[in-house]
Each structure stands twice: as structure tokens, then as C-alpha cells.
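Welcome! Have a look at the structure below, and then we can walk through a few of its inner features together.

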Amino acid sequence: MKRLLLAAALLLSGSPVFAAEKMQTASAAGAYNAKICPAIAASLAKTGLSLTCEPSAGSGQNFDDVFKGAVPLALGQLDVFGLKLLEDQAKGGNATEAMGSVGFIVPEALFCVAKKGGRIPTANAWGVLNDSEKPDKPYVVSTYGPSSGPAGTLGFLRKTFPSFGKNVDVKYQDNFKFDVEAGRLRAGLRDMVCFVNMPNPADERVMTVVASDDLFFVPLDSPLLATPQINGRPAYQIMAAPLTGGFLGIGGTQVRTIHTGVTVYMNVDKISDPLYKAVVAALRDPDLLPKGDILSTLAQWSDRAMGAGKNLYNETVRR
């Protein structure tokens, strides 16, 4: 009855009414599903479009489902989008033409943890990990499951930098538990444990490492890491992620590492014009995320850090 009344009200107001659309997100409790997608849905509702948020296994699944037409839209990491394009190109597919991404909604940082005195140095770590001379044994890195965003980040780096790909052995954990992996790190069974997260000192994993005496966050700040591009846009921004000192790390400690963006995946050949235009308009809205929310603050922080370069990510992709 509520839906009928809403539809009638929209018709009377002159606003068009369209069938409900879906946007895949990630875990049900995560920011993609609980905050970002609802903000986009609220923006689309102003045009008469109904958008529901549907949890998923992560960015990898989201790309695949949008590409095959199971859903018209999905949220995901920009670097995972790039990885999927590279994988499809290797198979002779057409994803480069069919798929597009719009927006750099909020940044997500790659956090890699290593043991002090272990095989990973506290400085110039990327030079060691990406060395053209292979180590005596691979560097063992653990992360979340194969469809996860962190797995996609490591996958993109491995394909983009062949030496890094040859030098590391990635252990994908479908039931990833950070404390367990930290224990394996301390025992020498891992050289690094990596995860992707929006920069936030209140994250339990970040606080665990900061409070430890024997672990540290690996700086991933080599200028080389800023060179990969996806459809003419940088895959990564090198920024200082706060570890202590409040949300933006003012007066606290930081680690310089690569950040990718949360973006919207779409199949530009299949998405309807009304939905496409409404999504692009929503992503260009500086007030998309509610003021005062942690994500809104994070988006403003990345705006200042990236400057005019952030406009590249909001260019339209529809042909």
C-alpha cells in the first residue's frame, strides 16, 4: 500500500516512476551497504527512481555480476575494476568497452602489517617486494578471500608489477581473522598481513597494531605505485593514512600508503539512460553523504588531498 501511495504521489507531482533497481554492495554491516548505497538511493528517489541495496561477497563478485547483467549497478574498489579489465583483456573479452566506473566517493587504503626485524624492512619496502631479483623464497602475504577487495588490490599490483607478482605468495583466507593472521605473522608463517579499509584510527585492526611492540604498518609510498592508470585515471593516490590522533590523524602517527577509490560499476551498454543520468548526478553532488558523518569527513579530506585531480573520476563513461 505504501509503495502504491508513493507511486501515486510521484505521478501527481509529475515525477517519472521507474521499476526498482538494485545496487550490489559488500557485507551487510559494512559502509558500502549501510551508508554509501543508501545515500545514492536517497538521491535517486528524488527523481522517482527506486534503488535497493543488496549485500555481496565484495568488489570481485560485483564486477562480474554487473558485467553479465545480473544487476545494473554495484559499488567497488577502482583497482579491482582495473584488475577485472586486465583479466578480461587476457581472455580476449570486451569488458573494456562494456564496463565503466564513475566517481571516487571515498578513499580506501591498503594497510599491510609486518613484524619488526622480519623480512620486510621498515623503509623502502616496495623496493624489496618489487625487486627484479627474486628472493630465496617468496614473501608470504595473507589477506581476505579471493572475491574480496583486499585480494583484488594485491591481484592488481601483481599483474601491474610482474616482479612483485613473482616475489609474493598470497594466502587467501575466506574466514580471515586478523588476530589469527597476526599470530602467524609473529610465528614467521607470514611476512605481511594486508587489508583494505577506509582510513580510520578507530578500526580494531589498526588499534591492535599500534598497541603492539613488535608489529608495524609497512609504508607503501614508492612513486612507482602512483603510475598505474585505469581508463586514463590513476589507480592509486599516495596519501598519509592516520593511525592515531583522531579520525584525520591530527597530531598523531600516520603511514603513507596507496589509496584507491570507492566507485560505481556499471555496464554502459545495458544501463538505462534515466538510471545512468541519475547516478552520475548523485556522484557529482558534494552533499551526497550526510554532513557530520565519518564518510563525509573522509570524502572532504580526500578532496583537499587530491585537488582538481579528483574531477577525473566523475567524468561520464556513457557512449
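## Aromatic rings on the inside

Both Phe-111 and Phe-217 are buried. Please keep in mind as you read that this is a predicted model.

How do the rings of Phe-111 and Phe-217 pair? They form an edge-to-face pair, with 5.6 Å from centre to centre and 65 degrees between the planes. Phe-111 belongs to strand S5 and Phe-217 to strand S9 (residues 215–217), so this pair ties together parts that are 106 residues apart in sequence.

In total, twelve aromatic pairs are counted. Another of them joins Phe-111 and Phe-195: the ring centres are 5.3 Å apart and the planes lie at 20 degrees, so this pair is stacked. Here, too, distant parts of the chain are linked, since Phe-111 sits in strand S5 and Phe-195 in strand S8 (residues 192–197), 84 residues apart. Phe-111 has a relative accessibility of 1% and therefore counts as buried. Phe-195 is buried as well, with a relative accessible area of 0%.

There is also an aromatic cluster, made up of Phe-63, Phe-67, Phe-81 and Tyr-265. One of its members, Phe-63, is among the buried residues of helix H3 (residues 59–67), as are Ser-59, Gly-60, Asn-62, Asp-65 and Val-66. Just past H3 you will find Gly-69, which takes a positive phi of about 90 degrees.

## Enclosed spaces

Where is empty space left? Rolling a probe the size of a water molecule over the atoms shows this.

| Cavity | Volume | Lining residues by type |
|---|---|---|
| Largest | About 40 Å³ | nine nonpolar, no polar, no charged |

The lining of the largest cavity includes Leu-110, Cys-112, Trp-126, Leu-154 and Phe-164. Strand S5 (107–115), helix H6 (125–129) and helix H7 (149–160) each give two or more residues to that lining.

Around the second largest cavity, the lining residues include Asp-79, Glu-108, Leu-110, Tyr-236 and His-259. S5 and strand S13 (254–267) each supply at least two residues of this lining.

Last, turn to Ser-101, which is found in strand S4 (residues 99–102). Is Ser-101 buried or exposed? Its relative accessible area is 0%, so Ser-101 is buried. The side chain of Ser-101 is joined to that of Arg-233 by a polar contact of 2.6 Å.

Definitions and conventions:
Residues are numbered from 1 along each chain as its sequence is written. This is a predicted model: local features need pLDDT of at least 70, side-chain atom pairs count only at pLDDT 80 or more; totals for chains, interfaces and linings use all residues. Side-chain values use heavy atoms; hydrogens and water are left out. Helices (H or I, at least four residues) and strands (E, at least two) are DSSP runs, numbered from the N terminus. Buried means under 20% relative accessible area, exposed over 50%, partly exposed in between (1.4 Å probe, protein chains only). A polar contact is a pair of N or O atoms within 3.5 Å; within protein, one must be able to donate a hydrogen and the other to accept it, and residues adjacent in sequence count only if both atoms are side-chain atoms. On a 1 Å grid over the protein atoms alone, a cavity is a set of points where a 1.4 Å probe fits but cannot get out, and a pocket is an open set with protein on both sides within 12 Å along at least five of seven lines; lining residues have an atom within 4 Å of a point. Grid points are joined across faces, edges and corners, and a volume is the space filled by probe spheres set on the points. Ala, Val, Leu, Ile, Met, Phe, Trp, Tyr, Cys and Pro count as nonpolar, Asp, Glu, Lys and Arg as charged, and the others, Gly among them, as polar. Rings of Phe, Tyr and Trp (its six-membered ring) pair if their centres lie within 6.5 Å; planes under 30 degrees apart count as stacked, over 60 as edge-to-face and the rest as tilted.
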